[in-house]
Amino acid sequence: MSLVALLIAVLCNAFVGMFLLPRYAVAQHPRFLFRAWSWFDEKAGLYGWVIFVVALLVWDYFVWKEARPKVKGWFTRKLLTLSLAAGIAPMIPWWIPAGQPPGQFLAMIGRYPGLPAILAWGVVIVVTALLCIDAESRDYLLGHGRTLSVISFGMLLLVLSLTIVGWSMAY
C-alpha cells in the first residue's frame with residue numbers, strides 16, 4: 001500500500017506539473033511557489049536519479065552486505081556505477097583528454113537531449129526491480145514497510161498541500 005500511495009503522489013505531481021504549473025508560472029502575476037515548484041520538478045526529473053543511485057550504493061555497502069543476498073550484488077553495483085559514470089561524463093570539461101566523452105556520444109545527446117536521463121532512470125528502475133524480486137532484499141531495502149509508509153504519506157501530503165496552497169494563492 002505504501003508503494004501505491006507513493007505512486008499516487010508521483011502521478012498527482014506529474015498531473016499538476018503538466019496542466020497547472022505551466023499556466024500559473026507564466027501568468028500575469030506569477031507566484032514564486034509555481035515557478036519554484038516547476039523548476040524543482042524539472043531538475044528532479046533530469047537529475048533525481050543521482051540521489052537514488054548514490055542511496056542504493058550506500059545501502060548496498062552498509063546494509064545489504066550483511067543480508068547475504070540471492071541477487072548478485074556485483075551486478076547491481078556495476079549497473080549503478082556505470083549509470084553514475086555515464087551521467088557525470090558530459091559534465092567533465094572538454095580540455096581534460098582522458099575524460100573526454102566520444103564524439104558519437106555527444107552527437108547522440110545533441111539529437112536526443114533527454115536520452116541520458118531516460119537511460120539513467122531506466123537503470124535505477126531495473127536495479128530496484130531486481131532487488132525487489134527477492135523478498136529478503138526487498139524487506140531490507142524498503143524497511144519492512146514502516147519507513148516507506150511514512151515517506152509515501154509525507155510525499156502525498158506535500159503534493160496535496162502545495163496544490164491547495166497554490167490554488168488559493170492564484171485566486
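Student: In which helix is Thr163 found?

Tutor: This is a predicted model, and in it Thr163 is found in helix α8, which covers residues 146–170.

Student: What makes Thr163 count as buried?

Tutor: The cut-off for buried is under 20% relative accessible area. Thr163 has 8% relative accessibility, and therefore counts as buried.

Student: How do you know that the side chain of Thr163 makes a polar contact with the backbone oxygen of Val159?

Tutor: A polar atom of the Thr163 side chain lies 2.7 Å from that backbone oxygen.

Student: Which residues is Thr163 in contact with, leaving aside its neighbours within four places in sequence?

Tutor: They are Val16 and Trp37. Contact here means heavy atoms within 4.5 Å. Val16 is itself one of the buried residues of α1.

Student: What are the other buried residues of α1, and why are they said to line one face of the helix?

Tutor: Besides Val16, the buried residues of α1 are Ser2, Ala5, Ala9 and Asn13. Down the axis of α1 these buried residues fall within an arc of 75 degrees, so they line one face. In general, an α-helix has 3.6 residues a turn, so residues three or four places apart point the same way.

Student: Which residues are exposed on the other side of α1?

Tutor: Leu11, Phe15, Met18 and Phe19 are exposed there; the cut-off for that label is over 50% relative accessible area.

Student: How does the reach of α1 compare with the expected value?

Tutor: Helix α1, residues 2–19, has 18 residues and reaches 26 Å from its first C-alpha to its last. That is close to the 26 Å expected at 1.5 Å a residue.

Student: What makes up the largest nonpolar core, and why is it called a core?

Tutor: The set has 11 residues, among them Trp49, Leu56, Leu80, Val123 and Leu131. It is called a core because its members are buried nonpolar residues joined through side-chain atoms within 4.5 Å. Helices α3, α4 and α6 each supply at least two of its residues, and α6 gives the most, with 5. Another core, of 7 residues, lies apart from it and includes Leu20 and Tyr24.

Student: How many helices and strands does the protein chain have?

Tutor: The protein chain has 8 helices and 0 strands.

Terms used
Residues numbered from 1 in each chain as written. Predicted model: local features only at pLDDT ≥ 70, side-chain atom pairs only at ≥ 80, totals over all residues. Heavy atoms only, no water. Helix = DSSP H or I, 4+ residues; strand = E, 2+ residues; numbered from the N terminus. Buried < 20%, exposed > 50% of the residue type's maximum accessible area, 1.4 Å probe, protein only. Polar contact = N/O pair within 3.5 Å; in protein donor to acceptor, adjacent residues only side chain to side chain. Expected span 1.5 Å × (residues − 1). Arc of directions from axis to C-beta.
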